[in-house]
Amino acid sequence: MNALFLILGIPLAGAAVLALVPDHRLGGWINAGVSLATLVASLLLLPFEAPDPTPFALVDDFNIYLIVLTSFVAFTAAWFSAGYIAHEVGSGRLTPTYLRFYHAMYQVLSFAMLLALIANNIGVMWAAIELATLTTVVMVSLYRSRAALEAAWKYFILGSVGIALALFGTILVYLAAQKAMGPGMDALTWSQLYAEAPNFEPELLNLAFVFLLIGYGTKTGLVPLHAWLPDAHAEGPTPISAVLSGLLLNVALYAIVRFKMLLTANGDALAPGPLLIAMGLASLFTAALMLYRRRDIKRLFAYSSIEHMGVITFAFGMGGPLANFAGLLHMALHSLTKSAIFYAVGLASQARGSQQIDQIKGLTASHPALGWALVAGTVAISGLPPFGLFMSEFLLITSTFPRAPILGVLLLLGLLIAFGGLMLRLHGIAFGEADGDRRPLTGSLLPVYAHLILILIAGIFLPGPLVAWFQSVAEMVG
Amino acid sequence: MFSTIAYDLSHLAGATVLLAGFVVLYQRRLLGVFRAFALQSLAVAAAAAWQAYSQDAPHLYVTAAIAFLLKGIAAPIALNWIVRRLDIHRTVETAVGIGPTMLAGVGLVVLATLLVLPVTVSSAALTRETLAIALSVVLIGFLVMITRRNAITQVVGFMSLENGLVLAAVGVKGMPLVVEMSVAFSLLIAFILFGIFFFRIRERFDTLDLQSIESFRGERR
């Protein structure tokens, strides 16, 4: 229990401190330090036996790995951000006043995401996701350029509508539960809801799920609700793109999966699988086709995030131990890979002074260490061995084929299209003659390498206890 | 104990909210839109206060007060002020004509009713009907956001959508956290209004017309 208070308390206290630190360099490192402390606190959870859920917090096998993952990526992103932001100030794109705000907001964002994961209450979870949305909107608009404001506005409006629909869904869940559980807080508490789920009114639960899927699906970036995502990723500061892609999308998807578990536990409600599969495939195909004509490197990888969220949603839609296993693994590995890519992309666009792919051309020639790291990341994200995402995609495809051959073919086709698009663009980014600016690297490559090594290890060898644990969660998600 | 008068009063409040939603839909001038929205918020406040009284749930008075003060009074004044300060066009620019939008609105009410009533057979009659009205208001809020081009009318659309949510939340008996949720939403709304003004969307984009904002994609050079 104490660890949970630390996990939530440290970012909040950190935000308060950071709001008062005038020096942006110091602020950057304090930010990283606070995130490191949060990570350590979340590791305290690890020798793990599930504590009894309290009205406030629910920690079980499913969310503990997301808590650790979130605090880990939040830490490496803060670490990367310290160097990145200093350069942005140096080049005059940001002023130190904004940075004080930025660092405080960064910690509020960590707090909100961790709260959404930990909360044992669907109302609190909703409010936490709303808070996370608001802070990221502010961060996306940080550069105050026309494009950044447009992106932030679009994200804001679409995000708010998503949030509003999710709230309507939440109210309907309460109403569905009320008959069985009576009025009061219990009917909003996850642990109680799961226990009573078989007695809920299935029709109301169905309607609720549709609203929740559309609402939180907007935040997950599922097609056709994805319009905000590429803009927000491209126009915000790169550390925030990494956090958005790597973490916030996962948090929203986590909410969807939790509600899906409620429907599965009910038994009489509609099977949520086909809905998830349809949205997953739509996201996969749309995003995969969009990859081909990207000229902006951050937009390219933003679409790749939509694609992967589609794959994960598809996996949870298929359900069953194997597909869920693949989905959970994919969620973790995508997070690690995509944030590594965004760190590399951030360094690349600073080193070459542009986000346009044709300006970055020839990165392996101009900055070999960075260029090859980006190549490795892109190879990993397109699902090639020896990296971890190959394993999760392979597992998903092989588990889908025996059960639904047509869906298997569609999934494979979508992945191949995406693969082609990424390889085509990667060729343009990494190879060829390097012309244009060549500035020295400004930030550390260590966070990128750290993530790449982790996903490489995951691709070659997953430790036995981890596999066993993933299996138990996969059973639980159902 | 629900006497008929209690039942009728909550229906009256709910129906006024819905009616005001339609009024927002057919306004051609921004000031008219703000007034209709203020009316809707006052009706929501009345609905919440009445639920607080009839359910004997004093915390709902807080929700009513928030709806009354923030959305019934402060938001319309702020909107007026922003329109004057940023010198925005006073007419509503529509993407779809008024007539078809009204028809679509009627269609949405039918849809909401057909959707909600069959699935809530076992709930109390009042809850079902409030929920159907609330969903209609939410959908009409959407319709406003989709068919009106100015960012500022879209914001009003969003706020009236939120009115629908408050109506739903207070209509469900014993729903906890309603106050917290309406505070969270007030935060969102304050943020939106602040955002319009602070970002000076008018100065930056020349116009609040989202169509011209969206012509810019960051990928054309």
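Predicted model: local features only at pLDDT ≥ 70, side-chain atom pairs only at ≥ 80, totals over all residues.
Which residues touch the most other members of the largest nonpolar core?

View 1. Residues are numbered from 1 along each chain as written, chains are lettered from A, and side-chain values use heavy atoms, without hydrogens and water. Tyr216(A) and Phe259(A) touch the most other members of this 241-residue core. A nonpolar core joins buried Ala, Val, Leu, Ile, Met, Phe, Trp, Tyr and Cys residues through side-chain atoms within 4.5 Å; buried means under 20% relative accessible area, with a 1.4 Å probe and protein chains only.

**View 2. Around Phe259(A).** Beyond four places in sequence, the contacts of Phe259(A) include Ile122(A), Trp190(A) and Tyr216(A). Contact means heavy atoms within 4.5 Å.

**View 3. Asp60(A) and Arg258(A).** These two form a salt bridge, with the closest N and O atoms 3.0 Å apart. The term requires a side-chain nitrogen of Lys or Arg within 4 Å of a carboxyl oxygen of Asp or Glu. The partners lie 198 residues apart. Asp60(A) is buried at 13% relative accessible area; Arg258(A) is buried at 0%.

View 4. Lys154(A) and Asp231(A) meet in a salt bridge at 3.1 Å, N to O. Lys154(A) is buried at 12%, and Asp231(A) at 3%. A network of salt bridges links Lys154(A), Asp231(A), Glu235(A) and Arg299(A).

**View 5. Glu162(B) and Lys71(B).** Their side chains meet in a salt bridge at 2.9 Å, N to O. Glu162(B) is buried at 2%, Lys71(B) at 4%.

Terms used: Buried < 20%, exposed > 50% of the residue type's maximum accessible area, 1.4 Å probe, protein only. Helix = DSSP H or I, 4+ residues; strand = E, 2+ residues; numbered from the N terminus.
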